[in-house]
Amino acid sequence: MLRAFVNAFKIPDLRRKLLFTLGIIAIYRLGGWIPVPGVEVDLLRDAVAGAGAGGIVGIINLFAGGALQQMAVFALGIMPYITASIIMQLLAVVIPKLEALQREGEQGRKKITQYTRYITIGLALLQSTTLVTLARNGVAFGVDVMPQAGTGTIVLMVLTLTAGTGLIMWLGELITQRGVGNGMSLLIYVSIISQFPSQLYALQAEKQLESPFQGWEWVAGVLLMGIFLTVAVVFMEMGQRRIPVQYARRQVGRRSYGGQSTYIPLKVNQSGVIPVIFASSLMYLPGLIANISGSERMRVWTETYLADASNWFYILTFAALTIFFAYFYTAIAFNPVEVADNMKRYGGFIPGIRPGRQTAEYLDRVLTRITLPGSLYLAVVAVLPFILLAVGNVTAFPLGGVSLLIMVGVALQTMQQIESQLMQRNYEGFLR
C-alpha cells in the first residue's frame, strides 16, 4: 500500500489530486485553531488544562479534532453531517418517495444529497445553540468562557459555528469531487489521528508520576496493542461470505445473454462503524438531559453509571447497545427480499435454493449468522479501551473503539481507491 502511495506521486494527474486533498486538509486543520468571536481564549485555555471538555461533548470533540476544546470555528466538526446522513438513511426505509429517489440513479442521489445538506445546516444551528448555551452556563468547560458576551455576540457565535459546519461540508465534497478518497471520511480520519500524539503524551505524563519509566512502558504497550488491534480490524473488515449466484442462459433474437457465475459478497461487519457511533451518541444523551433539566439526582446517577467509561455498568451497556445497533442497521442496509426479487427478475438463482421467497429466507438466515461475530467484534473493539481504563487506572486512553475503527476503515478505503486509479493508468492488456 505504501508503494502504491509513492507511485501515485509519479503520475501528474494523481499527484495534483493528492496535493489538492492535502491542501484542503490543511485548511480544515487551520479552522480548528481559530476561535469564534466572544470567547475569552485565556480563560478557555485554563479551563481545558484543568478539566477539559469531557462527558457530554466528548464524542463531538473526537470528530472535531480537538477544535471543540478551542471553541474554534470548526468546533462542531463533521458530526451534524454524520447525523443528517444517518437520518436520511433511516427515513429512506419508511418514506417511499425517498426510497424511490435512491433507485433513480445519479439524479436521485443528487436530490438526497441536497436534502442531507439542508438537514445538516438545521442540525448545526441546533447544536451550535446548545454548545454556546453549555459553554455559557459552565457545563461544557466547568466555567463560563464568555463572561462579556451579549445577545448580539451570542447570535454571532451561533451563526459562525453553523457556517463553519457548512464550510466543512463543502470542503469534504471538494475532496470527493477533485481529490482522492471520500472527503467526509478523510476529514474525520484527520481529526481523530491529530489527537493521537497529544493523548499519548497525556498518558505518559500521567503514568510518569508513579514511576519515571512506567510512563514510557505504557506508551510502548499502547503502540504494540495498536498494531495488534489494527491487524485484527483489517482482518475482520475484509472478511466476507460469498454467496454463489448462477444466471441462466436466455436467447433474445440472435443473441444469447446470461450463463455466467458470480457471487453476492456479504461482509462480516455489514454495518461498519455506525453501531458504535449510535451507541456513543445514546450514552451521552442521558447526561445532556440531566444537565439541561437541572435534576441533581439524575445528574449524579448519570455521572456515576453513564458518564464514567471505567464503570462496568457503562461498559456492559455500551457493548449491548453496539450489538443491538449492529443488527438494527444491518437489517436496514440490506434487504434480502429486494435482492431476491432482483435476482429472479434477471434470471439469477443460488444453486440449490429456489428463486423468490426461499432465496430471501436463505440470505436473511446467512446474514443473521454472520452478523453475530461481526457485532461481537465491534463490541469487543469498542469496549476494550474502557476495560483498560478500569483495570489500568488511567483517565484517558488513546485507542478508542470509534477512532480505531474509523482510522483503519478510511485508510483501507482510500488506499484501495488509489490502487484502482493506478491500475487504470498502468493497465496492460493482451495488445501490449
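This is a predicted model: local features need pLDDT of at least 70, side-chain atom pairs count only at pLDDT 80 or more; totals for chains, interfaces and linings use all residues.
Q: OK, so why does Arg 117 count as partly exposed?
A: Because its relative accessibility is 34%, and that falls between the 20% and 50% cut-offs.

Q: Which helix is Arg 117 in?
A: Helix H7, which covers residues 106-136.

Q: And what is Arg 117 in contact with, leaving aside neighbours within four places in sequence?
A: Met 169 and Glu 173.

Q: How far apart are Arg 117 and Trp 170?
A: In sequence they're 53 residues apart, and in space 9.7 Å, going C-alpha to C-alpha.

Q: Switching to Thr 165: where is that one?
A: In helix H8, residues 151-178.

Q: Buried or exposed?
A: Thr 165 counts as buried, because its relative accessibility is 3%.

Q: What does Thr 165 touch, not counting residues up to four places away in sequence?
A: Leu 76, Gly 77, Pro 80, Thr 120 and Ala 124.

Q: Now the strands. How many bridges join E1 to E4?
A: Seven, with E1 (residues 240-247) and E4 (residues 261-267) running antiparallel. Ile 243, for example, has Ile 264 in E4 as its bridge partner.

Q: What about E1 and E5, parallel or antiparallel?
A: Antiparallel, with two bridges joining E1 to E5, residues 348-349.

Q: Which residue in E5 does Gln 246 stand opposite?
A: Phe 349.

Conventions. Residues are numbered from 1 along each chain as its sequence is written. Side-chain values use heavy atoms; hydrogens and water are left out. Helices (H or I, at least four residues) and strands (E, at least two) are DSSP runs, numbered from the N terminus. Buried means under 20% relative accessible area, exposed over 50%, partly exposed in between (1.4 Å probe, protein chains only). Contact means heavy atoms within 4.5 Å. Two strands pair if DSSP finds at least two bridges between them.
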